[in-house]
Amino acid sequence: MTELLRIEDLRVHFQARKGLIGTIPVKALDGVSLTLEKGKTLAVVGESGSGKTTLGRAALRLVKPTGGRIFFDGEDVTNLPDSKLKKFRRRAQGVFQDPYSSLDAFMSVSQILEEPLAIHSIGNARERTDMIHHALQDVRLSPVEEMAAKYPHMLSGGLRQRVGLARALILRPDFILADEPVSMIDASSRTEILYLMRDLQDTYGIGFLYITHDIATARHFSDRIAVMYAGRIVEIGPAEQIVDEPLHPYTVALIKAVPEPDPANRLRQRPVIPGEPPSPTEPPTGCRFHPRCPSAIEGTCEVIDPPLIEVRPGHHVACHLWPEGVH
Amino acid sequence: MRGGLQTALTELLSSTTGKVGVTFFLVMLLISLYAIITNPLDFGTRLWNNPAAWADNPKNVPPAWTGIFEGSRRVNHTVFEASEPTEVRNTTRGIESVYTFNVDYTFDEAPTFTSFSIQNVTYHGSPPSTSVSVMRPDGRSLSLYRFVVPAPRNGETPPILRYQQTPFRVHLSGEPSVAVNVAQFLQDEFQVNISSSRLVGDIDEAVFGIPDTQGGGFQPLKGEYQIVVVARSQNERDSIEGVKFVLGGSQFGMMGTDSTGRDLARGLIFGFPVALAIGLITAVMATVIGTTMGIISGYTGGKTDILIQRFSDVLSNIPLLPILLFLAFILGQKLWIVIAILIVFGWPGMAIVIRSMVLQIRSGQLVEASISLGASRWRIMLRHIFPQMAPFVFAQMIFFTPAAILAEAGLSFLGLGDPSIPTWGQILDQGFRTGAVYVGYWWWVMPPGILIVLTALTFVLIALGMERVVDPRLRTVRQ
Amino acid sequence: MSLLDVRDLHMHYATQGDPVRAVDGISFQLEKGQALGIVGESGSGKTSLSLALMRLLPSNATGYRGQVVLEGEDIVALRDEEFRRLVRWRKMSMVFQGAMNSLNPVLKVGHQVAEPFLEENKGQKGKKNLRKEAKERVLELFDLVRLPREAVDRYPHELSGGMKQRVMIAMSLVLDPSLVILDEPTSALDVSIQAQMMNLLKDLKRDLGISFIFITHDIALASDICDRIAVMYAGEIVEIGNAEDMLLRPQHPYTQKLLNSIPRLESNEAPQFIPGAPPDLTDPPTGCRFHPRCPFAFERCDRESPPVFTIQMGTNEEGLMTRCWLLDKEKR
Amino acid sequence: MSIAKTLAIRGLTLVGVLFAVLVMVVVSLGWTGFSDRMLTAIVNEEVRGLRQGLAQTIRDVDEIEQAIQEQRQELEASYGLDRPWLVRLPQMIWRVIRLDLGEARTLKTAEGSSSITSLIGERLPRTMLLVTTASAITAVFGLFLGVKLATRVGSRSDRIASLFAATSNALPAWWAGILMILLTYVILSTFGVRVFPPGGMYSAPPPEGGLARLLDLLWHAALPVITMVLISAGSWTYVVRTMVMNTAQEDFVTVARAKGLPEGTVMRNHILRVAAPPILTGLILGLASSVGGAILTETVFNWPGMGRLYYDAILSADETVVVALTFMFTLIYVTARFILEVLYIVVDPRVRYS
């Protein structure tokens, strides 16, 4: 397996205003490391404020990292100036959460799909039309001619998101960041988009960074899962292992919080973690999950920040409960 | 839906207010074209503010059409002009060129004045003389006025030219020699004894009437009059090119006249292109600058943003009217200066709104998506951000237009208009300052005001028609 | 007698063309202390149904008709003012979708919760006493929904999304209604907060004996609290029954597909999707409205609208009520 | 951003506005040579007076010339003409900022004082009388009508009101004033009805007695006030209507209705309370800018207020008065803006806490 994207100790801090003149750092990402292999999908699962979206934006170099390194296909792109990013931009694409605001409402589908080709000066008018039609076929938007002439507001959320996918696809990228691509789409059509993404991955060998709050879709549509909490990765490993045998108490809670359609549900209370996620301006000391953790070890968890250690092959967790690994 | 501007136009034409506004606008555009084609560009200095150009017009008279509503017939303003004599007689006393003008006098009152003028006189030898007399319907004939063209000055050699630029013009109604002649006439024909000095002012009543038996006044005498002008010269090469007799009306043209006799209709028509130019130039410039600054400020951020933001904050917080008045006064009453000031104080408000819109758009995912495609910041600003704001910008521009027109009109009304370019505001100002309002010369103050309001309203209506484009909440609900 | 008996309820929206048939002949019953889930995709008319029940008719609503019998009284027949005074919040209240926009940004949340109470008891006691009583009531409710007491003096923007939703729940309970309509009460919340909220609702249902109508697009979430589940499609209820039957033995192809589309955590079974999109409600398909997307559709489905077939499951006497021609044993 | 910071930035901006206006005024006076021309004219005027006086006492022409030269230099020095405007005018700014406004050349108060401070003291209340009365009437009228219309958006009355608003937006104040004079004074008086006087502040001679004088004042103020109301009521109503309409579409208003609150309570507590800050903004801004707009109305109605004073000062090229009044107009406007910022914070908790 060859590595496509490697992120090392990535930090993204923003400045928030506080008081009359003071500012305070918001640590959206605070030391995240991960790798994505070519043609594979890594899901990043977390709740709002966990930093998963910032991670995705940093991976596409939409925000400048405060610290750490980003390697794309072996090349360090962490601090490349905008002028030298064009090659990277051609190979790394994004599909964004909001199918309503991520497409230009004043452009037709064919104009939207022509944008990337125009930006990178690819093909002549004829070739571009062919490429556009091909991309539309790829995302199963048919009839192609008819769809190309439509404007975004004529399409449903699901169809718009396919246009977004086609736009990302038309440059034949090696990497696509999919930031909550289905969270604003009806449950019944979510699966369809996710299957489509998987088919495209199989056809073109694209590596996906799939950012989601929904661990259930992550289980079915990714190879590995990283669970984020308060700007950190708390657990990362093979998708099925993470869901079937979660190690971090937060992962456990997250999985238990997801309702499955079961008539017995209503007769029992759901095990939940109390409280709300911490403010990113003042994260708790030690393990950031400790104030909400049911298994917090007093004297340890609030003091020592647990490192991410490999407890099983390819399965890392940052928790004091697993000091030596699982055997 | 293709492009923001086209959406805006479609939406605009689908609303009633929009349709009315656009129709008004097109009519105004046509009138403006007509005004520009039919008038010299230095209309203001050459005609409008040149009293000589309006000397033959009656002063302060209402529009001709108002006569319809009157019980008695008022005098139509009539100008009789001839460049060729009706008849040339060779007499013992010289060559007599006779110019006759027939007047069908059916009015219930005397003319407001009568005047006589000649132009382009050429003579060789002794100067020609002219005389004006009237043949009345009652068969009586009255010799009014006699005039001898001034003799050559020392050193002048024939041909002697006179009255080339400005015609020789005599206001018969106020001319003492005419009064003497008329007094004589009254004495001879009606045995009415009025001294010539008392008759001045009543000359036209006497000429076009018969003395009242009871009072001291005159009754208008209706019927065919003939004005006979005889020019007598001694040389057959002598010539008079323009002979003019004006029967001063008590009503005039489409819009009446002001206190200097100016044809208000012409001034009002000329006001159309001026008002449109003021409004559109100001609005286009202010919106273009405002939009550019707003987009740059919002998208670039950082120091540029703070600089533009503070600058426009300061400018937009300045109370406009006092400053406008002050600057127009100090920098001189030039239209372009007024337009420049309006632009300078107009764009910041626009820039502030555009900036906040850009910030909103920038926080949306479209910009992020475009960056990740590799688009340059200029491409994003031009292709993605600007089109989204285009309808709003367009609407703002339309909204700005009446504001500029009203501001200029206000300034003109305070006497700070550009005298070389007449505007509706200036006409109103003159009407107000000469007291036209208090004596009820409505035709002087109403039409320019109505035109200002109509013009402003045109743009307000168009802007209202675009409300739906600008405020998405009002767009037709899509299910 | 059921707590709520809805019979043939309609509400359409006027458009420039044909009306949108958002609620098109809905009938169901709800027993006291029970929770009924109304599940459907967006555009199925489920939110319109809640507005129709609360009689919060949008300005372009037309054809509002049918019967809504609440505690024995047909509230559709009431005049607007009577409905406001007698029914709203007193018998039936609602927790709206999107707590962030449902609270007035310039009023303290405590006051907003107390408002219906103050209105209800207006003029009965001294102003001061009423204020005090209202405050006590609000504090009691805040305890009940597990909100910190000091939150009463906060403005909405000072609270997190979860806290705002708790405020909304407290508000819905202030006049002790017998029925609370919950319209996607957790859809904007994170899963862990959502789970907290569902636990709270379960407690309230058990402790206060309140009946819920729980509106959601997520049938799994509905299973968390609902005794009965109704599935809506294109303005109609296509299947309704108790939670066991609906979740384990659904008869309507749409319900089956809806269940299959959920990615399961506990099994490796791959989720399925329903091809196509929900129909345009200004011009719904002829016959069964689901037939263009239905894998089992046959000729009759296109022609005739299926009636309700009641299927006895043996587990209980009530059974499933399903609108599908597949269940027509005789004429198949 | 904290409130203190927001207010500080706003305050600084507004001080910047004052400063910018003064600099602009001074630069345009100096750079165009206007100031020099005006001052030279004054000096020449005084010198001519001097020459006449000297001619009677001194015989020798050269002696006179010399004496006059000395006097002229003294005068020029006292007016600052011996220094370039870049040096002279900043002192003027500094004086004005300290509210030491100086003396008017020809304009005087009724008591004969030519101090600009007392001129403003005399004129400002008269302007405020017009402006505040008109604004109060407009505000009340607009609020009632606007709220009414917002409840029936799209109805016939709504459309009529929109049209009225559009027209009133397009109606210049001074022309409306002229129309008013034409209508009430000219036309009605031809039928022998004397409704309102066409201008001025008191009848000539003013009636004796406090009450009679007050009534006379109000009688004279009526026409200008009606005019001001007429031109601002339309757009104001429309603004209120739109704000109320926008707020009424918010979700929390639906919630308030669902709570069974009576329509009146919903309107008061949930719609108006939320729409109040922008409405208040509009009101105060309208008030502040109508002080400047009063220049036109006061000119039409010959009302001796601040606006008329400014106009007269400009016509008589009284530099000191123009600078002082420009500063005052800006000061009033800027103060109103600042009060607005503070009020906003009081009214809207969202601003207070964010």
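The legends below describe close-up views of a predicted model. Local features require pLDDT of at least 70 and side-chain atom pairs pLDDT 80 or more, while totals for chains, interfaces and linings use all residues. Residues are numbered from 1 along each chain as its sequence is written, chains are lettered from A in the order in which they are written, and side-chain values use heavy atoms, without hydrogens and water.

**View 1. The contact between chain D and chain B.** Here 53 residues of chain D meet 44 residues of chain B, contact being heavy atoms within 4.5 Å. The two chains bury about 4300 Å² between them, 79% of it on carbon and sulfur atoms; buried area is the accessible area (1.4 Å probe) that two parts lose on being put together, summed over both. On the side of chain D, D:Trp174, D:Trp175 and D:Ile314 lose the most area to chain B, together 14% of what that side buries.

**View 2. Salt bridges between chain D and chain B.** The count is 0 salt bridges, a salt bridge being a side-chain nitrogen of Lys or Arg within 4 Å of a carboxyl oxygen of Asp or Glu.

**View 3. The second largest pocket.** This pocket holds about 760 Å³ of space, a volume being the space filled by probe spheres set on grid points joined across faces, edges and corners. A pocket is an open set of points on a 1 Å grid over the protein atoms alone, where a 1.4 Å probe fits, with protein on both sides within 12 Å along at least five of seven lines; lining residues have an atom within 4 Å of a point. Among its 21 lining residues, A:Leu62, A:Asp82, A:Arg89, B:Tyr299 and B:Ile371 lie nearest its centre.
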